[in-house]
Structures are given as structure tokens and as C-alpha cells.
Amino acid sequence: MNYARFLTAVSAARKPSAIRLLTELQQRSPPSLISLAGGAPNPNTFPFQSASITVRGGDALLLDHTLMKRALQYSGSYGIPELLSWMKDLQKSLHNPPTASFSADRGQMEMCVTTGSQEGLCKIFEMLVSCGDNVLLDAPTYSGTLAALQPLGCNIINVSSDQHGMIPEALQKILEVWDPADERKPRVLYTIPNGGNPTGASMTHERKQKVYELARKYDMLIIEDDPYYFLQFQKPWAPTFLSMDEDGRVLRTDSFSKILSSGLRIGFVTGPKPLVDRVVLHIQASTMHTSTFTQLIVSQLLHNWGQDGFLKHIDSVIEFYRSQRNAMLSSADRWLKDVAEWHPPLAGMFLWVKVKGVKDTQKLIMEKALEKEVLLVPGGVFNINSSDPCPYVRAAFSLSTPQQIDEAFRRLADLIRESV
């Protein structure tokens, strides 16, 4: 893989920060090292002394005076070493990526911590997408993705999908327009493979294999945005693009927002070292690093749990969301069966509902639904062109109680019948 050909001019122009490199170096040095290099503030001047965080069903996480000094200080741009090490072991355990055994220049698996997976996505897009480039994705898609991509001036090409995710035959039909040697052909394919936001779609293993083979044939990179990987309702969990990446052409984003805390803002980018290094150069110039404090909290929790404890926690989270999903499906069957249609999601937090007899749900939701005191998201906001008519609405089953979900769908059914 010649990764240089994928980089935008802005990304290719980024240079390492000498001071950030010194921070990384100091982080790995013995305590006997005397450094007069860094411009970090003295933590003895900070008002925070220590912290104790109570964990449900477990021991408290304690940041004593010494650890607190570190938590409140600058840290390396890749992430704190103990968190990165733990996460690399987890990725290898869950996905067994072929790239883990590659050399660095060949595309060895590398990781960095990001301030939520959204930061990782934005920096990946800036690294790979220039004005006028053709980018492939399965729409409707996450509105945050569109918000990050559209200002870059690229041409977003929609690949048809269904409840089983991106359709490989539709992707092939699009790619056949270009000769594999054509420099104008798409270089980037983006997808949410599990419990997609907003559709709840999950791509089958067979489809992933076919999509990956097309990426090889047409020399594309795959951005595997997988924030709902740990919210799959069936086991075994679906194999990932990372697990089948024999070339080093997959950039994967993971998030702890859905399983540990959305407010801590902890995400990860996993992919070929030459590309992850470029993401880190951007981090050096923007946020410098994800909060050391939140990284240490998460790292302590994960080390206390171990992988088995972490996966046990995941099982409890899945059980909660499975129950919530089932409650929403039951209410949908009770109230919406005659006025809407949907597919049960296999992962995630969302039910994608097509309203019968309504061409566009924008006015229905943003005006009339508010009068009925029920709020959903009109499907048009997830389209490449948000003004295109869309008969869908997105219903989230993450926060509301089963009783609230049932009442919301009763109100929605009344609203639809009044509108048709």
C-alpha cells in the first residue's frame, strides 16, 4: 500500500511537533530523567488534590495526590500508554487483525485515542478527502458524518442499502463506471456496519467480504465507523472489516460513548500506522491530546475489570438495550402496524420507521408531533440532500421507559391517521 497517494495536500503538509515529540519521549522515560524541555504548568499550583469515583458493583477508582498530578497534566498525543496497551490487546482479541503482524511501513496496526470517535472521523476525512473527490457511503447515514464531509466539497455518492447494510452489487455497479487505473475513481468508502444510525441496519459477513474484495480491486480505503459494535443483540458478534484486512486498507473508529459514558469523550482510531500517524499529527495541532483525566479514569476501570470484566459489563449493557428494543417493537406492533413499517434492528439504539401515505415527515414531526407532545427525528436530516422528501422517522429506544415508548407510539399513530 502506497498510503501517500491517499493523503490530501493539507494532511501531507503536516509536520511533527517537536514539543509534542518531547512529551511522548518524557512519558516513556524513567523517573530519574531531568527535563527542562517542556512548557507544562506545575501541577502543584492546581487546586485539585485527589478524587474518588464510585463504580457500580465494584471498588472505587482512586486518584491519589500523585496520580492526580498526572491526570491534570499534558500527555502524549497518541494517548496514555496503559490505555493504549489495553485497547490494542482488546482489538487483537476481538478482531485478530492480520495487520497486527505487519511491519510499520507495510501498514502495521496502530491506534490512537480521540476525543470521542467523532474527532477521529473528522480528522480521517480531512486526511483523505479533498474538494472534488468522490466518496462512497450508504445513505441515509449519520448526520454528523454528513456535517463533517459536506464542507470539504466532495461528491458524496450513495450506495444502495437495506436492512442488511450496503448492497455489494450496487457498489460494484457504481465502481464499474471507473477504470481501476482512473485517478478520479473513489478512494474512500464509509459505512456504519452495525446498528447503523439512523436505519439500525447491520451488514452481513458475506456482504462485508464482497465489499472488501471490491475495495481491493478498486484500491479504496474503508472507513469502518462502528460505535454500536458492542450493542449487537446476537452472538457471535459479526466479523469486522478490520478482522479481514489483509492489505492495511481499513481505518476503524470505536467509541466508549454507548457503553461507558458519552460525556467522557473517549474514542479510538485503529488502522495502518502510516495513516494513524497522520491523524495524530492533526491531533498535535488541534486538541493536542484527549483529556488525560478521563483517559486515566477509563484506564483504571478497564485494568480493574480486565477483559473478562469488561465483556461482562458489555453483556449487561446489551441486555438492557435488547429489552428496550423489544419493548419498542412490541409497541410498534400494537399501535403502528396499520400505518407504518419497519425492520427489527440487530444492533444499536434506533428503529427506522417508514410512515405509510406520507411522502415527507419533516412537517409531520417538526410541527404536528410537537403539538401531540411526541418527538422523533424526521428521516430527511440523514439524507445527503436533506431537502429531499423522506417518508421515514427515527425512533430511539435508549432513554425512554417502555411505558413512555408505548404512549409515544400511541400518540404517533393518532397523528399519522389524522394526517393521511
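This is a predicted model: local features need pLDDT of at least 70, side-chain atom pairs count only at pLDDT 80 or more; totals for chains, interfaces and linings use all residues.

**Entry 1: helix H7**

I looked up which residues of helix H7 (residues 168-175) are buried, and found Pro-168, Ala-170, Leu-171, Ile-174 and Leu-175. Buried here means under 20% relative accessible area with a 1.4 Å probe, protein chains only. They cover an arc of only 160° around the axis, which puts them on the same side of H7; the arc is taken from the directions from the helix axis to the C-beta atoms. The buried residues of H7 pack against strands E4 (134-137), E5 (155-158), E7 (165-166) and E8 (188-191), and against helix H8 (205-217). Contact is heavy atoms within 4.5 Å; helices (H or I, at least four residues) and strands (E, at least two) are DSSP runs numbered from the N terminus.

Residues are numbered from 1 along each chain as its sequence is written, and side-chain values use heavy atoms, without hydrogens and water.

**Entry 2: the sheet**

I then traced an open sheet of four strands, ordered E12-E13-E15-E14 with antiparallel pairing. Strands pair if DSSP finds at least two bridges between them. E12 (340-341) and E14 (377-378) are the edge strands, each pairing on one side only. Which residue of E13 stands opposite Glu-341? I found Lys-354 there. Two bridges join E12 to E13 (residues 350-355), and the two strands run antiparallel.

Notes:
Buried means under 20% relative accessible area, exposed over 50%, partly exposed in between (1.4 Å probe, protein chains only).
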